[in-house]
Amino acid sequence: MLRPMTEALISSEVASVLERHGIDANPSFQVLDGDDLFSVIEPLVGRERLQVHTSALSVARAVRAKRITGVLVGRRSAGVLLSTLANEHQTVGVVVHQPEADESAAAALRSQGVMEIVANLDRPDWIEILRRIIDYRALLVLELQHRCESKRLAERELELLGQPPESMSDDLTPHQPPPLPVGPMSTYNLEEASESFETAYIDRVQQLCASAREAAEYLGVSSATLSRRLRKEAAHGA
């Protein structure tokens, strides 16, 4: 069972799915250039869940090592960190502390994938902000797990059919994942499972994002494509 504080930092339904997949649902947070952030976050999450870094590369390496994690960074280091994460092909929820009100800078940060920009550290919704970045990372981990399992089943199918597994695509790069499902349909009925997972994944991303446009950006599709998909699902549901 998860401890109460852990349950507060990750949605119970997401944590339940992680545990069913054998993935440790205990979250952690990486902090860069954020002494003020550290003093505010430590009482909320506990010292054992915080890791302080002195460089953007160190954060990227920690993100690679920690499956369920989020990043908190000061404004001065945000640009370098985002570039480093992109170069290292690491996708993770990032919160930036930007004390001064600068809408153009905030827009630029959001365009690079920042999930939340905090001006005032004395906010009552810190737990909700932290839960959003942890849930986002957890969904990415589950998606990759799903695609790897689909690939494994498809390769097993080819083995049973007497075909070499080398004919399968090896595209498992998390930075630009192909659309679900991955691999041919088979007697394992992957189509139904993949469709259900994709629908649940899209619904959860929409819940975590502030707008439909932001959700479309994280899903890697255009706003028009996402709208068509939602209208189609609504029509089928009716």
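**View 1. The largest nonpolar core of the predicted model has 40 residues.** Those with the most contacts inside this core are I10, L18, F29, I68, L72, W126 and L130. A nonpolar core is a set of buried Ala, Val, Leu, Ile, Met, Phe, Trp, Tyr and Cys residues joined through side-chain atoms within 4.5 Å. Buried means under 20% relative accessible area, exposed over 50%, partly exposed in between (1.4 Å probe, protein chains only). Two or more residues each come from α2 (12-20), β1 (28-32), α3 (35-45), α7 (126-160), α8 (190-208) and α9 (212-219). Helices (H or I, at least four residues) and strands (E, at least two) are DSSP runs, numbered from the N terminus. The top contributor is α7, with 11 residues. At least three residues come from each of domain 1 (4-144) and domain 2 (172-237); the bounds come from an automatic or database domain assignment.

This is a predicted model: local features need pLDDT of at least 70, side-chain atom pairs count only at pLDDT 80 or more, and totals for chains, interfaces and linings use all residues. Residues are numbered from 1 along each chain as its sequence is written, and side-chain values use heavy atoms, with hydrogens and water left out.

**View 2. Contacts of L18.** Neighbours within four places in sequence aside, L18 is in contact (heavy atoms within 4.5 Å) with I10, I23, A25, I68, A138 and L142. A second, separate core has 18 residues, among them A60, V63, A78 and A106.

**View 3. Five strands form an open, parallel sheet.** The order is β2-β1-β3-β4-β5. Strands pair if DSSP finds at least two bridges between them. β2 and β5 (116-118) are the edges; each has a single partner strand, so one side of each lacks a neighbour in the sheet. The twist averages 20° from one strand to the next. Axes are lines fitted to C-alpha atoms, for helices over the stretch in contact; angles run from 0 to 180 degrees between N-to-C directions.

**View 4. Strand β1 and its partners.** Five of the five β1 residues are buried. S28, Q30 and L32 point one way, F29 and V31 the other. β1 pairs with β3 (residues 69-74) over five bridges, and F29 is the bridge partner of G70. With β2 (residues 50-53) there are four bridges; Q30 stands opposite Q51.

**View 5. Helices across the sheet.** α3 lies across β1, β2, β3 and β4, at about 165° to β2. Helix α4 (residues 56-65) lies across β1, β2 and β3, at about 170° to β1.
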